Amino acid sequence: MWTPSPSRRVVSSAPATLLLRLLLLAGAADAAPPLVGVSPQDEAYFATQVIACRDGSGSFPRSRLNDGYCDCADGTDEPGTSACPEGKFYCRNIGDTPRLLFSSFVNDKICDCCDGSDEYESGIHCQNTCRNRKDIDEADDGGGELSVTRLDATNEFTIKHTNINKDLIQKLRGLRIALVIELGLVVCIFAFCVARRHTGTRRRQHILKR
């Protein structure tokens, strides 16, 4: 019976070992969480296998990035989920203005990013409404850089809320002044009635004495 030599065994198992390593590496690459909600400037920060919390409170393995559990108090480990109250989601909004969202806006079935990237797991389809900068330049007719001021939904709500508060405060002040005036009038009328009644009583007493 023919038996393969030891050297032949090693040679034949080397491709299998190499293939196994490649499969493991591919599996690890597939298991790596996507960089959802991370700005391009911060991609290098999340590239290491152990990532530090930005507030210095600790660290976490890369496998826990965007896993739905808050490991850092400042939300460093959950830029793409709503797990951390202090988390921030980065909208790339390619062709338009990037913006940061509070983590509570992520996957809440409301499209807050113009590219719809904040609703990647909510089950709804967000249309890409980002304005292309080329279109903006054409609308400006080549008259230089167009300065566009945008108010996001949060700022707009804050401004409206502030205006409502100001109007309410002014109305309350006016109401307070009116109440003070009315109260003063009531006191004056009451004092006048008391004085008049007292004067009438004194007159009757004086007449009776006569």
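Figure 1. The model is predicted: local features need pLDDT of at least 70, side-chain atom pairs count only at pLDDT 80 or more, and totals for chains, interfaces and linings use all residues. Residues are numbered from 1 along each chain as its sequence is written, and side-chain values use heavy atoms, with hydrogens and water left out. Phenylalanine 46 is buried, because its relative accessible area is 4%. The structure holds two aromatic pairs. In one of them, the ring centres of tyrosine 45 and phenylalanine 46 are 5.5 Å apart and the planes stand at 75°, so the pair is edge-to-face. Rings of Phe, Tyr and Trp (its six-membered ring) pair if their centres lie within 6.5 Å; planes under 30 degrees apart count as stacked, over 60 as edge-to-face and the rest as tilted. The charged end of arginine 54 sits over the ring of tyrosine 45, 4.2 Å from the ring centre. For this label, NZ of Lys or CZ of Arg must be within 6 Å of the ring centre and within 35 degrees of the ring normal.

**Figure 2. The pair of phenylalanine 102 and phenylalanine 105.** The centres of these two rings, phenylalanine 102 and phenylalanine 105, are 6.4 Å apart and their planes are at 75°, so this pair is edge-to-face. Phenylalanine 102 has 43% relative accessibility and therefore counts as partly exposed. Phenylalanine 105 is also partly exposed, with a relative accessible area of 22%.

**Figure 3. The largest nonpolar core and cysteine 72.** Which residues make up the largest nonpolar core? There are seven: Val38, Phe46, Ile51, Cys53, Phe60, Leu65 and Cys72. A nonpolar core is a set of buried Ala, Val, Leu, Ile, Met, Phe, Trp, Tyr and Cys residues joined through side-chain atoms within 4.5 Å. A second, separate core has six residues, including Phe89, Cys91, Leu101 and Val106. Cysteine 72 is found in the loop between strand 2 (59–61) and strand 3. With a relative accessible area of 0%, cysteine 72 is buried. Leaving aside its neighbours within four places in sequence, cysteine 72 is in contact with Cys53, Phe60, Asp77 and Cys84, where contact means heavy atoms within 4.5 Å. Cysteine 72 and arginine 54 are 18 residues apart along the chain, and their C-alpha atoms are separated by 8.2 Å.

**Figure 4. Cysteine 126 in its loop.** Cysteine 126 lies in the loop between strand 4 (99–102) and helix 2 (133–139). Is cysteine 126 buried or exposed? Cysteine 126 is buried, since its relative accessible area is 10%. Apart from neighbours within four places in sequence, cysteine 126 is in contact with Cys111, Gly116 and Glu119. Glycine 116 and cysteine 126 are ten residues apart in sequence, and 4.9 Å apart in space from C-alpha to C-alpha.

**Figure 5. Two loop residues with positive phi.** Asparagine 93 has a positive phi of about 45° although it is not a glycine. Asparagine 93 lies in the loop between strand 3 (88–91) and strand 4, and at 2% relative accessibility it counts as buried. Lysine 109, which is not a glycine either, has a positive phi of about 70°. Lysine 109 is found in the loop between strand 4 and helix 2; at 54% relative accessibility it counts as exposed.

Figure 6. Over residues 175–195 the chain is 100% helix and 0% strand, with the end C-alpha atoms 30 Å apart. The protein has three helices and four strands, in the order α-β-β-β-β-α-α from the N terminus. Helices (H or I, at least four residues) and strands (E, at least two) are DSSP runs, numbered from the N terminus. Of the 210 residues of the protein, 20% count as buried. Among contacts between residues at least 6 apart in sequence, 26% join residues at least 24 apart. The accessible surface of the protein comes to about 15900 Å², and 60% of that surface belongs to carbon and sulfur atoms; accessible areas come from the Shrake-Rupley method with a 1.4 Å probe, and for residues only the protein chains shown count as cover.

Terms used. Buried means under 20% relative accessible area, exposed over 50%, partly exposed in between (1.4 Å probe, protein chains only).
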